[in-house]
Amino acid sequence: MKFDFLFQSSPWFILLCLLAGAIYAFVLYQISPTPWNKSTNRLLAACRFVSVSLICLLLLNFLIRQVTQSVQKRTLVLAIDNSQSLGVANKQILDGVLSQLESLKEKLQEEDFEISWATLDGQNPEKATDIQFNQKSTNLSSLLSGIKNAQEGNNLSDVVLLSDGIVNEGINPSSEKFTFTVHTVGLGDTIPKKDIAVKSVYANKIAYLGNKFPVQADISAYGFQGKTVSVYLKQGGKVLEKQVINFQQKDDLKTVTFNALASQKGVQHFVVQVDVLGGEFSSKNNQQDIYVEVIDGKEKVLLMALSPHPDIKAIKSMLDKNENFEIDVKILTENPFPDLSNKNYDVLILHQLPDYFNSYSNIYKPLLDKGIPTLFVLGNQTGTTYLNQLNQVMRINSQAGQTDKVTGYYNGNFKSLNFEAESLDLIKQFPQVSVPFGDITLLPNSEVILYQKIGSLQTQKPLFAINSGPRKSAIFAGEGLWTWRLEEFDLTEKQELIDDIFLKVVQFLSAKDDKRKLRVYPISNEFLLSDKVVFETEIYNGIYEKMYNIPVALELKDEKGRVRKYNYTPSADNSKFEISALPAGVYQYKANASVLGKNEQSTGEFIVKDLQVELSNTTADFDLLRQLSAQTGGKFLSASQLSQLEKQILAHKAPEKIEANEDLKEFINLKWVFFLIIALLTTEWVVRKYMGGY
């Protein structure tokens, strides 16, 4: 601890304060004779000198800085890979290792270490016996990064990592840089086990009703050369297809492909299963589940253009990225009388329509009159006078043939769709597009996504805007989208930014308005077996204001027809409802509530998945652990060498971390100074009275 004095005026004023005290004491006590002796006179003069000097010093109002330094204790974290693959290791050996780590913790605490536990699931158990080895995936990079963040500011010098080295999520931890030493303890068997497993399964997440779609599975085998097994594709316990494969090598991998039929709407649950042979290490990895959403048809998008243009190809390329869109392209100068009678379109995109002469209005006007959500993409041939009569987004006051060259910039206040504002800064570097020259007025219910940027001037003129009114619509006021896509690829070697904006706008236009008074929905369409299934609840009155404290009856039905019933009441503080421990599978839900005397209902479905990635590979990887320890200056130890760990940690001379705290106080606010002055003046007064002075 040390003190410093900080003066708000010249330090030379201290001499004046002392001089003032000295003069006061000299004038008062140089009178002779006195009723007391010289020693008493000097004592009284000293009291007066100190008290007056202190009072004068208070007027200077200087600061006292107190700096306190302390050496932080060394911190050590015992990190445990509590995944299923480590849990299937020899339980006796695992319990012994955990017991040794518990003993190590006690010994190092006696050496003045701060010790804590860390696990994959973020829990911080008090002792090793509290750890459950039930995690369905292993991400050692996330585990170590979490320790780094949690111990920020502490003197973390060492981490002891108990693991089998099997990583199936995240990046290789040895590719990261850590400021602490990682000692690894390898546990598990590095010799491959005799086993057959469904290694992985692949299928499209979406299939269309009535179509066939491929399901591909990788089947691995070790130690079963010359053996033949059957692989099945099942649904609801029924075998849909069977294939026979033969393993020709000791360590073999075979790929099988099934063709499944999307025969029912909704999420369908399929199982890929392989025969269990005698001598397998585990039969739990002989099957995997896969879920496919079957939908009835695609969203139909009509892209109608006045004449051929590179922007049409650009827009179609954007929409083709979404498998749920079916795009029809009609070029009216090439086909003035397109047949539109057989399709009911969900979204209409008009490129350079209407034109100067309002040509072909008899083709697209009936579609607009139906209220189909429309995206207008303008160009040099767009007739803004006719456009103003057809759209609800903006009014453009411009003369025919008058254009301006602009690029765009993102409206940071736009919240209706989710965009990453930082990534959209790239748009400022894109080439200029041609827009109508004139005044633009935004109409009610319209929001701007992109504004026009002329040179370095950021204007408030809309370039891309949407309207969320009764008839949803949008306008992109520029011609030259194709140059934006080319420039983005040149800058980033990707075409994602502009495509994402247009795809989200078209999805916004195609989305059907939800007018239900009761809306109950899971916060995700997919949950893991270990997750809680969380439902969000929204209840509305006649003018769509939120209502609360209305009882809701929720019913879940699994694939086997079993029904689970729940009742809850959402409140303003908590509109969520959680359900734990649901088995894996597809669930259909139905919620009912009485809203303003009328029964309202909300339905849907969700998936609970049981991941098997931990059991698909149980062969320990000690090389990864050795690499991680070597890179951080630590030591790799096997379970039998664990007794050496304490010596390794104590031998690691980590630099001390000193923590300093600074405290600034005004001299006038120190209470002891006040009491010292009172004590000096009181002592002086009492002595003078006692000695007969005045």
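The model is predicted.

**Stop 1: helix 6 and helix 9**

Select residues 310-319, which form helix 6, and residues 481-492, which form helix 9. The two axes are 7 Å apart, and the helices pack at an angle of about 60 degrees. Helix 6 and helix 9 are therefore oblique to each other. Now show the side chains at the contact. On helix 6, pick Pro310, Asp311, Ala314, Ile315, Ser317 and Met318. On helix 9, pick Leu481, Trp482 and Arg485. Sorted by class, the residues of this contact are six nonpolar, one polar and two charged.

**Stop 2: helix 9 and helix 10**

Which residues meet here? From helix 9, select Leu481, Trp484, Arg485 and Glu488. From helix 10, select Leu497, Ile498, Asp499 and Phe502. This contact has five nonpolar and three charged residues, with no polar ones. Leu481 and Arg485 of helix 9 take part in the contact with helix 6 and also in the contact with helix 10.

**Stop 3: the largest pocket**

Next, select His269, Asp558, Glu559, Lys560 and Val586. Of the 26 residues that line the largest pocket, these lie nearest its centre. The pocket holds about 670 Å³ of space. To see the elements that give two or more residues to its lining, colour strand 10 (228-235), strand 13 (266-274) and strand 31 (585-595). Which strand gives the most? Strand 13 does, with six residues. The lining as a whole has six nonpolar, 11 polar and nine charged residues.

**Stop 4: the second largest pocket**

Move to Thr119, Leu120, Asp121, Gly122 and Gln123, the residues closest to the centre of the second largest pocket. Its volume is about 490 Å³, and its lining has 26 residues. Helix 5 provides the largest share, five residues. By class, nine residues of this lining are nonpolar, 13 are polar and four are charged.

**Stop 5: the cavity**

Rolling a probe the size of a water molecule over the atoms shows where empty space is left. How many cavities of 30 Å³ or more are there? The count is one. The space in the largest cavity is about 30 Å³. To find the cavity, select the residues that line it: Leu368, Ile372, Thr374, Phe376, Leu390, Asn391, Arg471, Lys472 and Ser473. Four of the lining residues are nonpolar, three are polar and two are charged.

**Stop 6: a salt bridge**

The model has 18 salt bridges, counting a side-chain nitrogen of Lys or Arg within 4 Å of a carboxyl oxygen of Asp or Glu. For an example, select Lys532 and Glu578, whose side chains form a salt bridge with an N to O distance of 3.5 Å. Lys532 is in the loop between strand 25 (526-528) and strand 26 (533-540), while Glu578 is in strand 30 (residues 576-579), so the pair ties together parts that are 46 residues apart in sequence.

Terms used
Residues are numbered from 1 along each chain as its sequence is written. This is a predicted model: local features need pLDDT of at least 70, side-chain atom pairs count only at pLDDT 80 or more; totals for chains, interfaces and linings use all residues. Side-chain values use heavy atoms; hydrogens and water are left out. Axes are lines fitted to C-alpha atoms, for helices over the stretch in contact, and angles run from 0 to 180 degrees between N-to-C directions. Helices (H or I, at least four residues) and strands (E, at least two) are DSSP runs, numbered from the N terminus. Angles under 35 degrees count as roughly parallel, over 145 as roughly antiparallel, 65 to 115 as roughly perpendicular and the rest as oblique. Contact means heavy atoms within 4.5 Å. Ala, Val, Leu, Ile, Met, Phe, Trp, Tyr, Cys and Pro count as nonpolar, Asp, Glu, Lys and Arg as charged, and the others, Gly among them, as polar. On a 1 Å grid over the protein atoms alone, a cavity is a set of points where a 1.4 Å probe fits but cannot get out, and a pocket is an open set with protein on both sides within 12 Å along at least five of seven lines; lining residues have an atom within 4 Å of a point. Grid points are joined across faces, edges and corners, and a volume is the space filled by probe spheres set on the points.
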